[in-house]
Amino acid sequence: MSTMTTAPQTNLASRLQDIPEDAITSLRLKAHESMTTMGWPSMRDEAWRYTDTRTIAGTEFSSANADVTVELDQLEPYMLGHDMPRIVFVDGIHQPGLSTAKSSKGVQIDRLADVIANTPDRLKGRLAAHAEWSDDPANAFSTMMLTDGVMVEIAAGASMETPLHVIYLSSGGDQPISVHPRILVVAGDKSTGTVIETHAGNTDNTILNAPVTELIAGDDVNLDHYRMVREGSNTWHLGDLAMNQGDSSEVSSCVLAFDGPLIRSRMRATLAGEHGNAILHGLALGNGSRHVENLLRVNHMVPNCRSREEFKHVLDDKSSAAFTGRIYVAEGAQKTDAVQTNRNLVLTKYGKAIARPQLEIYADDVKCTHGATTGELDPEALFYLQARGVPTSAARGMLIQAFAGEILDDVRPQALREQAMILLRDRLPAAEHLALTD
Amino acid sequence: MLEIKNLHASIDDTPILRGIDLTIDNGQVHSLMGPNGSGKSTLAKVLAGDEAYEVTEGSILLDGVDLLELDPHERSAAGLFMAFQYPVEIPGVTMKYFLRTAINSVRKYREQPELDAYEFLSLVKERAAMVELDTDLLDRPVNGGFSGGEKKRAEIFQMAMLEPTACILDETDSGLDIDALRIVADGVNKMRGDNRSFLVITHYQRLLSYIVPDVVHVLVDGRIVRTGGKDLALELEEHGYAPIESEHAVDA
């Protein structure tokens, strides 16, 4: 990898010195070393080819001001109802007054800061064990700065009764800040659960948000994860997700990218037990000059596993999206069944979509398919709707909604699905013509 | 009343309609017949406002309103309905949502109050019965996975919902078995009335045994070459289009 600039690293190194020593200091040092070796990525790096990080590299970030106070009504637009248990961070700082989630039987919910301080053994072989930071500067940076976050541990056989909502709200200040959200979910055998994270901010302040989420599932687990991205107008979102699953487990993750100038999501699923099912979904709405980057990798390490990747991008104005999806099938991982699709709906002549499917297969009895399409709205469907009296703008809205709906239909928590639907409608050009209910 | 005068239309600079004159009074059913490629479906699409076709000359008036000045959705609101030969499948949009949006858009344009959910469903129930349409279909995507007969019945059902004053049926009989044909025709006949005109486009006489027309026109090479009563359809059934085609072959 190339080294772009030394300025942020000098700055970063000094920031590491500000973090007091604790049980994960050695992890931070290793991440720092990786970060220093790799340098801040440039577009010459293959994985960052479509992500312009020059502005980020040239910005000196500091940590957030701990005195920021946020009222419940500022949080309300991002909440998923008052009843869904939540943990709230503002600029990366935990907000006990706004958080409502509590541990229950079989479901242990903790702040990572507490776990690091009191029971660091619980992190061994888990924290940063699956999310690769050695090849990703954003993750390395986030790991280097890791001091807090959320750990959810679901005991064997236990079920989370409701989804847990982790809200990372960004507000920033006069100086650019960076935020390093971390979520670690450990699901024991035969357990079920749902974790939703929201990254949001109604601010023009300059912020770098580098969240890392790790989902570690044992055998026969059913685990759903969602990441809603509604960042502020100058918040760069460089997200990472890693999931690792055992025998007969179904783990899903869905990223809903709605707001922010740059939304990058690296997602990596590793099927480590037979008969596993990994589901990666994404919906991105591009407008203005937003760039959405989805960088996926599915590792089929053992036989008889299934993976499904479906990513849809709606690109308005001058927005762009790049999808890179690698399916890796290890030697001996026979009967692998992997499907990857990337569909782009480009609404203007300036929108741009790039699809890069990559297959790396070392087994001979496998079924791996990928498909990428880029197109405009179907003129025949548009005419049909118009001919029945639906005005052009509303007809376009209906078709865009239908395109996106195929991802949203699979969003299981109703409150999240409805919020996403409303966000989508609000952002469509013809929102006022659309009835909100069927 | 639908008045088409000297209508010329082309696609990609190829003329398809070469001067059509056709007036359908309220209460009348006209049939437009003709061989494949004569321009029957083009006329239907031009009336509905398909932008793929360019109108190069002529006029279309519906109750005095110049349709050529209107966008497709405005034509619908003005009272025109075209039943598609090939209804388009639209995944992800339910029939019910689509239809409610359509009907309320049209009502808004006509300055009528919008229908609330209850009124809408009552109307759906009543009109679906006219074409023996299973209302469960309305929870499915628009035309999604419908059989040929269901698609055509759904078209006539939509027509009944939107209460147009001019109805264009573009080969509604194609792909229908005899039972479906009877149901569709019954639905159309129930809608016949003093304030509504119909143009029934068909290749075969079969449909016209069920929907008996007042006037039959024959289209050849983009022009109406013969007009007559309902017996003209029977004559065509017996002799085919060939005699008329050779009589009116376009000089090179």
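What is the mean pLDDT of chain A, and what share of its residues reach 70 or more? In this predicted model, the mean pLDDT (the predictor's confidence in each residue, from 0 to 100) of chain A is 92, and 95% of its residues reach 70 or more. Under 50, by contrast, lie residues 1-7 of chain A, for which the model has 16 contacts (heavy atoms within 4.5 Å) beyond four places in sequence. The pLDDT is also below 50 over residues 431-438 of chain A, a stretch with 20 contacts beyond near neighbours in sequence.

Residues are numbered from 1 along each chain as its sequence is written, and chains are lettered from A and ligands numbered from 1 in the order in which they are written. Local features need pLDDT of at least 70, side-chain atom pairs count only at pLDDT 80 or more, and totals for chains, interfaces and linings use all residues, while side-chain values use heavy atoms, with hydrogens and water left out.

Chain A has nine helices and 21 strands, where helices (H or I, at least four residues) and strands (E, at least two) are DSSP runs numbered from the N terminus. The radius of gyration of chain A, taken over C-alpha atoms, is 21 Å, close to the 22 Å that the globule rule (2.2 Å times the number of residues to the power 0.38) gives for 438 residues, so chain A is as compact as a globular protein of that length. Along the principal axes, the C-alpha atoms of chain A fill a box of roughly 70 × 55 × 50 Å.

Over all chains, the structure holds 36 salt bridges, each being a side-chain nitrogen of Lys or Arg within 4 Å of a carboxyl oxygen of Asp or Glu. Across the interface of chain B and chain A, one salt bridge is found, in which the side chains of A:Arg388 and B:Glu155 meet at 2.7 Å, N to O.

The contact between the chains takes 30 residues from chain B and 23 residues from chain A. The area buried between them (the accessible area, with a 1.4 Å probe, that two parts lose on being put together, summed over both) is about 2200 Å², of which carbon and sulfur atoms give 67%.
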